[in-house]
Every structure is written in C-alpha cells, then in structure tokens.
Amino acid sequence: MAKTMIMDHPMIQHKIGVIRRKETGTKDFRILVSEIAMLMCYEATRDLELSEIEIDTPICKAKVKELKGKKLAVVPILRAGLGMVDGMLTMIPAAKVGHIGLYRDPETLKPVEYYCKLPEDCASREVFVVDPMLATGGSSIAAIQMLKDKGVKNIRFMCIIAAPEGLKAMQEAHPDVDIYVGALDEKLNEHGYIVPGLGDAGDRIFGTK
C-alpha cells in the first residue's frame, strides 16, 4: 500500500516559510526551491534498499552498504518542476533525468501532453516525479499515467506544497504511488490557486509574469 508523507523536518518547514513570502526574489526563491527538494529527497529515499559489499579501505578489507537494485530517475513536470531537479541530483547524482510537458486545454481544462522525453531504461528505474505545487492534481495525475503507459512501475511523487483537493485526487487516481509533500495547505481558491500557497511557482522560479 502506498504512503503519503507530509514533511515535518524543521529545515524544510523554515525554507517553505521563506519562499511563501511575496518579497522573496527570484534568485533566493530558486535557490530555496532547490534546497527544499534536496532535503525532501533525503527523506523520500529513506526506504531505498541496501546491499552489502566488500571493499578495501586504506587499512583493511571491510563490508559496507550501497544502494541495491533499481536505478533512479527524476522526472520534472515542465516547467516549474525544473526548479527541483538540481536539488534532487545533489542527493542522487547518478540519477537520469526525463521531462514531461503538459498544458491545460482551455476548453476541456484537461491536461494535454506537448513534450515527453524519458531515459531509455525508465521502466526499470525508480522514478521520482517532481512538481513544486499540487493544486487540482490534473497535471501530476496525467504525467504519472503517461509514465505508467510507458511501462514504469515504481513511481514516487514529490511536491513542495499541496492543496487537500489535489492530494485526494492523486491518492484516488494513483493509489500505488508514494506521495511526499512539504506542506499541506488549506484549500484551492476559485482560480485554482493554493491558499495560502506562494503564487505561481513557475513564474517565481524563472522571473516571468
């Protein structure tokens, strides 16, 4: 059974508090999002399996632990998800990176794929899908379904801030996916923004309006 983890680490909570502030500028916002992703990655990889191997230290032979089995991949949802990639790679530098691009059709309000590029062996990897905000959940649900359609079986989803509506939708659509959330907020407003949230994460990361 998949789990949902709401992060309670003091460093994560502190940094989320800073990026919520409207006076936090693009440069600091970008750095902090990366740092939050790194700290969340540390928590989200806690249950990765280890195997024991023998090595030579400068003194003698020794048995040590190393990550076992499945290789890892990070798949950001464009464009805001890009802000979390460097922080993830700081923790898991051997991971490969894929990209999924989605936009919302103005008529149907459904997510439409415009870009998808994944590592060739993605189906055999443990895949972390990352997006700073989980609002309605539409894009994230669609992105994970795209991965499943391409044969990916081991998927984890990571976001910095989630609305209860989006989290519920994600849990119902993908009950087999572990979800890691930096902070669970109050609600969505009538425009689909998370309250209190932090505004548009993509605009704040890239300095656009």
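**A residue and some helices**

Analyst: Happy to! Ala-44 has a relative accessibility of 1%, so Ala-44 counts as buried. Keep in mind that this is a predicted model.

User: Which element is Ala-44 found in?

Analyst: Ala-44 belongs to helix 2.

User: And what does Ala-44 touch, leaving out residues up to four places away in sequence?

Analyst: Its contacts are Met-7, Phe-128, Arg-156, Met-158 and Tyr-180. Met-7 lies 37 residues from Ala-44 in sequence, with 9.4 Å between their C-alpha atoms.

User: Nice. At what angle do helix 1 and helix 2 pack?

Analyst: Helix 1 (residues 10-20) and helix 2 (residues 26-44) meet at about 155 degrees, and their axes are 10 Å apart. The two are therefore roughly antiparallel, and helix 1 passes helix 2 in a left-handed crossing.

User: Which residues make the contact?

Analyst: From helix 1 there are Met-11, Ile-12, Lys-15, Ile-16, Val-18 and Ile-19. Helix 2 brings Phe-29, Leu-32, Val-33, Glu-35, Ile-36, Leu-39, Met-40 and Glu-43. By class, that contact has eleven nonpolar, three charged and no polar residues.

User: Switching topic: which residues of helix 5 are buried?

Analyst: In helix 5 (residues 164-173), they are Gly-166, Leu-167 and Met-170. Viewed down the helix axis, these buried residues fall within an arc of 100 degrees, so they line one face of helix 5.

User: What covers the buried residues of helix 5?

Analyst: The cover includes strand 1 (4-6), strand 9 (133-134), helix 4 (138-149), strand 10 (154-162) and strand 11 (178-184).

Technical notes
Residues numbered from 1 in each chain as written. Predicted model: local features only at pLDDT ≥ 70, side-chain atom pairs only at ≥ 80, totals over all residues. Heavy atoms only, no water. Buried < 20%, exposed > 50% of the residue type's maximum accessible area, 1.4 Å probe, protein only. Helix = DSSP H or I, 4+ residues; strand = E, 2+ residues; numbered from the N terminus. Arc of directions from axis to C-beta. Contact = heavy atoms within 4.5 Å. Axes fitted to C-alpha atoms, helices over the stretch in contact; angles between N-to-C directions. Parallel < 35°, antiparallel > 145°, perpendicular 65-115°, else oblique. Left-handed = near helix turned anticlockwise from the far one by under 90°. Nonpolar A, V, L, I, M, F, W, Y, C, P; charged D, E, K, R; others polar.
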